[in-house]
Amino acid sequence: MTVIGYLANGLVFSSIIVLGSIGLSLVYSIADFANFAHGDTMTIGAYASLVTFGAVGGLGGAVLGLPYGFFVALVVGIAAAAAVAVITERVIYEPLDVDSIGLLITSIGIAFVYRALIQIRFGSDFTRFDIQPLRPIEALVPYGVRVTLHDVAIVVSAAVLVVGLHVLLQYTDLGRKMRAMADNPDLARVSGIRTRRVKLWTWVIGAGLAGAGGVFLGLFNQLSPRMGFNLLLVIFAAVILGGIGSVYGAMAGGFLIGMINQLTPFFSDVVEALPIWPGWLARLLESLISIEYANAIAFVIMVAVLLVRPNGIAGEGAT
Amino acid sequence: MSALTDPRGAVEDLTRPEGWVLGVSAAFLLFLLAALLTGALGPTYFLFLVGLAGMYALLSFGLNSQWGFAGLINFSVAAFFGVGAYGAALFTASGSPLVELFEGVPLLPSLLGLPIVGLVVGLAVAFVLAILIGIPTLRLRADYLAIASLGLAEVVRLIVLNERWLTNGSAGVRGIPGFFAGWPVLGTFPEAMPGLRLEVIPGSPVLLETAFWQALLNVLLVLAFAGGVYFVLRRAHRSPWGRVLRTIRSDEDLARALGKDTYSFKMQSFVLGSLIMALAGVFYTHLNLYVGPGDLDPITTFYAWVAVILGGSGSNRGALFGGIVIVTIREGTRFLNDVALPIDPAPLRLLLIGVVIIAVMRYRPQGVLPPQRELIWPSAVDGGGAPDSPDSGVREQKGGGGDE
Amino acid sequence: MSEGALAKQDPVLAVDDLQKSFGGLAATDHATFGVERGTITGLIGPNGAGKSTLFNLISGFYEPDGGTVEVNGTDVTGMEPYEVADYGLIRTFQTPRKLEGMTVREAMLVGPREQPGESFRRLFTSPGTVAESESANLAEAERILAEFEIDHLATQPATDISGGQMKLVELARAMLAEPEVLLLDEPVAGVNPTLAKKLKTQIRRLNEQGTTFLLIEHDMEFVMDLADPIVVLDQGHVLTEGTPEGVRNDDRVIDAYLGGGA
């Protein structure tokens with residue numbers, strides 16, 4: 001594959017990571033804790049849409065190689081993830097009398113409950129959407145780019161959602177209130193913002209985007225009860241890279257981490273081609289920069305960021 | 001004056017939850033004893049379970065000295081455990097890739113096959129790993145360590161899975177001897193012991209053979225490990241050192257303002273806990289005699305978390321109690337699957353862990369057995385004739401379950 | 001204009017041209033002043049004048065963008081709070097958090113610096129020394145609690161005492177760290193008048209015994225009665241410094257309060 005080919009793949013995967021990291025970052029800044037159940041919220045979205053798609057099936061025509069029914073399933077997936085998150089907030093998080101660290105630990109419990117329920121219902125095996133896999137778009141193949149119309153659909157849908165969020169944050173009343181709350185929750189409360197409602201909307205948006213990310217991840221790869229939890233590390237790396245609590249930082253971080261993740265095979269080609277000396281170093285790098293370690297590379301980046309710029313690449317110096 | 005120094009005298013002034021835990025534990029032991037005597041539970045397997053409970057208690061002690069003492073969130077318990085387990089396995093197993101790697105190298109091959117070398121290597125690697133992950137995160141807010149350690153666990157698991165030349169990959173390591181292999185007396189103890197046949201209830205005899213004596217040795221080993229660790233932690237917890245950690249847990253800025261180098265204290269607490277986890281891993285290797293990448297699954301981490309938050313953060317007895325609860329969850333789900341409901345035990349365990357975590361945070365964030373009495377170096381208080389030690393627990397005064 | 005550090009005869013704390021900004025906003029704007037040994041120096045100013053930022057800069061919690069802080073003639077700029085504490089500067093906080101699960105005297109015992117028992121190794125190599133120092137510290141803690149007339153609280157859970165009592169305990173604990181200069185951040189905020197009076201007496205008594213104080217306080221009556229001199233901060237820089245009388249009649253101070261007030 002060519003560089004452009006890897007970049008194209010990176011763009012598709014980045015779209016998914018961006019959807020996940022935005023939600024995590026939103027909840028981080030407004031509900032004020034690191035939500036370890038975020039990955040499993042993505043899984044919920046994916047499985048909800050799997051079930052829906054199974055029920056509505058083809059449903060009329062198709063766009064970008066995807067039957068209309070898939071888009072219905074996508075909406076249901078988003079709605080299900082949002083609904084589960086809101087219920088969790090109301091039933092579990094809200095009545096808790098613990099600090100943000102306590103919430104963090106609780107969210108691990110929530111993550112396990114989500115995943116366990118999905119695993120009990122659907123088993124632990126991999127599944128797929130019942131959609132015919134497509135061949136890569138012919139016109140792009142000569143450039144070494146092997147993306148399908150489905151991939152294009154993922155990128156376009158993600159772009160629509162991200163732009164929608166941007167409009168919401170910048171130009172609506174709710175968006176202004178959310179930004180105010182992220183900045184200074186106490187000030188927001190005394191200035192008359194109904195923080196509880198804003199928080200609920202944050203969950204709706206954050207979990208909804210995560211649900212969409214989960215659906216696309218299921219379309220891009222496949223579905224399994226661990227799919228979200230396995231992605232959690234990568235999403236956290238993206239959020240830390242962008243600076244915790246910054247939505248636009250999370251977009252940038254998600255984009256970068258997604259790209260790097262998919263470019264790993266390219267990097268390993270580069271390392272192989274370079275005359276690295278001494279030989280053991282070359283061998284070490286070759287064995288470490290490989291697709292098996294794509295997640296580990298995200299981790300190394302995260303640790304490096306924590307060491308040098310704990311507030312993210314765009315943030316201000318040290319805490 | 002305290003339940004720790006005078007267990008008998010303290011029985012009367014147990015708090016409600018303490019009495020409750022004691023009651024449940026006693027009932028559980030009776031149940032096991034009954035199962036043993038009727039032959040429903042093999043004595044060797046029973047001892048294996050005791051060893052396992054001890055192992056989880058050790059793991060919980062490790063996490064307790066991080067989260068319980070200093071409020072450090074370590075989500076890579078499984079990684080430190082795994083490093084200890086693999087260190088011990090690779091240096092002792094007959095099927096270890098190290099046998100081939102060290103061939104022809106002077107000196108190194110003679111290190112293989114010695115459990116004590118495996119122990120030292122396992123702890124040393126855990127030590128280095130703890131410092132490496134501590135450096136970037138311990139200066140930052142508590143949740144950064146949580147996130148980074150979750151990543152560390154994944155990376156260690158990936159390495160174990162992919163570096164086949166070192167770890168055998170997904171096949172795992174077999175051919176591990178018992179911890180006492182090669183020791184005088186203890187090494188041959190299981191074979192030397194005669195087989196015994198007990199028949200408490202007529203018709204269901206209980207056989208005690210080599211495997212039983214081997215298991216008994218393991219239990220003694222874990223008792224020694226856990227006892228030693230408990231002694232160290234108890235002293236540390238009541239010392240000025242432990243007091244600084246507890247201050248950091250409640251209010252790190254206060255500790256800094258009073259001239260404490262909190263980064264260094266947190267690092268010490270983190271390293272100490274990680275070493276204890278690795279020790280648990282070393283023991284597990286010699287208990288289970290097989291180690292595979294599955295042992296590094298995050299679930300191990302959260303077993304330890306359940307034990308610690310359930311028992312009460314900072315409470316070493318709580319961690320002990322938590323160890324028993326974990327084995328009950330592990331084996332209970334297996335039993336349920338075998339006997340009653342054919343539900344896959346894996347998601348059921350996950351569900352139970354999740355529910356317990358949520359329930360504890362909701363109803364008893366301080367745990368079932370939070371540390372009770374004030375923690376001042378014992379002789380300093382006793383020296384004054386202890387005229388004014390508090391009449392009741394520090395936390396329980398508000399009557400049982402006062403939420404903080 | 002600047003009658004700051006250089007004008008002092010024996011400054012225990014000297015702040016020179018200190019600067020700090022957040023997101024382009026100057027919170028501390030070339031602040032210069034000194035604290036003379038043996039005084040109770042007050043630090044006042046309207047809301048948002050940057051008093052707390054200044055405290056955080058002096059005690060090492062924030063890193064300054066420019067300028068220096070000297071404690072006892074040693075440059076401590078950019079040092080960690082625990083290092084600054086080693087040079088004899090201790091601070092308290094506006095809203096002390098309660099140490100969960102500790103009794104009052106346990107919480108007090110966090111105060112003494114460089115306890116042998118704070119070394120993990122020595123807990124096992126020389127437990128005798130640890131026990132000795134622990135006994136001595138406990139006796140000292142109880143003596144100070146008695147001086148503060150709160151010895152009856154010694155074995156109470158720290159979470160059970162009132163906010164005002166907590167402020168007293170905090171002051172008492174800070175004394176166990178044997179500071180040469182003690183920074184108090186709003187010692188009587190939210191404290192009832194009886195306890196406030198008690199705090200005033202204690203601060204005065206400790207000052208007579210040799211401790212230098214620098215305190216932020218909004219309660220004008222309290223600070224005017226207790227402190228001399230008084231440093232007035234406005235928009236991050238030192239507006240003026242003088243006796244309570246002088247400050248009270250300074251037009252610039254009155255303007256600052258009127259202009260800065262909402």
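Me: In chain B, which share of the contacts with a separation of 6 or more comes from residues 24 or more positions apart?

Reply: The share is 78%, where a contact means heavy atoms within 4.5 Å. This is a predicted model, in which local features need pLDDT of at least 70 and side-chain atom pairs count only at pLDDT 80 or more, while totals for chains, interfaces and linings use all residues. Residues are numbered from 1 along each chain as its sequence is written, chains are lettered from A and ligands numbered from 1 in the order in which they are written, and side-chain values use heavy atoms, with hydrogens and water left out.

Me: How many helices and strands does chain B have, and what part of its residues counts as buried?

Reply: Chain B has 16 helices and 2 strands; these are DSSP runs numbered from the N terminus (helices H or I, at least four residues; strands E, at least two). Of its 404 residues, 57% are buried, and the limits are under 20% relative accessible area for buried, over 50% for exposed and partly exposed in between (1.4 Å probe, protein chains only).

Me: At what angle do helix α3 and helix α4 of chain A pack?

Reply: Helix α3 (residues 68-93) and helix α4 (residues 100-122) of chain A pack at about 130 degrees, and their axes are 12 Å apart. The axes are lines fitted to C-alpha atoms over the stretch in contact, with angles running from 0 to 180 degrees between N-to-C directions.

Me: Why is α3(A) called oblique to α4(A)?

Reply: The angle is about 130 degrees. Under 35 degrees is roughly parallel, over 145 roughly antiparallel, 65 to 115 roughly perpendicular and the rest oblique. The pair therefore falls in the remainder, and α3(A) is oblique to α4(A). Their crossing is right-handed, that is, the near helix is turned clockwise from the far one by less than a right angle, anticlockwise being left-handed.

Me: Which residues of α3(A) and α4(A) meet, and what makes up their contact?

Reply: On the α3(A) side are A:Val84, A:Ala85, A:Thr88, A:Ile92 and A:Tyr93, and they meet A:Leu103, A:Thr106, A:Ser107, A:Ile110 and A:Tyr114 of α4(A). The contact holds 7 nonpolar residues, 3 polar and no charged. Nonpolar covers Ala, Val, Leu, Ile, Met, Phe, Trp, Tyr, Cys and Pro; charged covers Asp, Glu, Lys and Arg; the others, Gly among them, are polar.

Me: Where do the axes of α14 and α15 of chain B stand relative to each other?

Reply: Helix α14 (residues 316-339) and helix α15 (residues 345-363) of chain B cross at roughly 140 degrees, and their axes come within 9 Å. These two helices are therefore oblique to each other, with a right-handed crossing. Their contact consists of 5 nonpolar, 2 polar and 3 charged residues.

Me: Which members of the largest nonpolar core touch the most other members?

Reply: They are A:Phe36, B:Phe75 and B:Trp305, in a core of 260 residues. The largest share of this core, 15 residues, is supplied by helix α12 (residues 262-288) of chain B. What makes it a core is the definition: buried Ala, Val, Leu, Ile, Met, Phe, Trp, Tyr and Cys residues joined through side-chain atoms within 4.5 Å. A second, separate core has 25 residues, among them C:Ala31 and C:Val238.

Me: Why is C:Pro229 called buried, and how is C:Asp228 classed?

Reply: C:Pro229 has a relative accessible area of 18%, so it counts as buried. C:Asp228 has 42% and is therefore partly exposed. C:Pro229 lies in the loop between α8 (220-226) and β9 (230-234) of chain C. Its C-alpha atom is 5.2 Å from that of C:Thr41, 188 residues apart along the chain.

Me: What is the phi of B:Leu289, and what is that of C:Glu186?

Reply: B:Leu289 has a positive phi of about 60 degrees, and C:Glu186 has one near 50 degrees. Neither is a glycine. B:Leu289, at 37% relative accessible area, is partly exposed; C:Glu186, at 9%, is buried. C:Glu186 sits in the loop between β7 (181-185) and α7 (193-208) of chain C.
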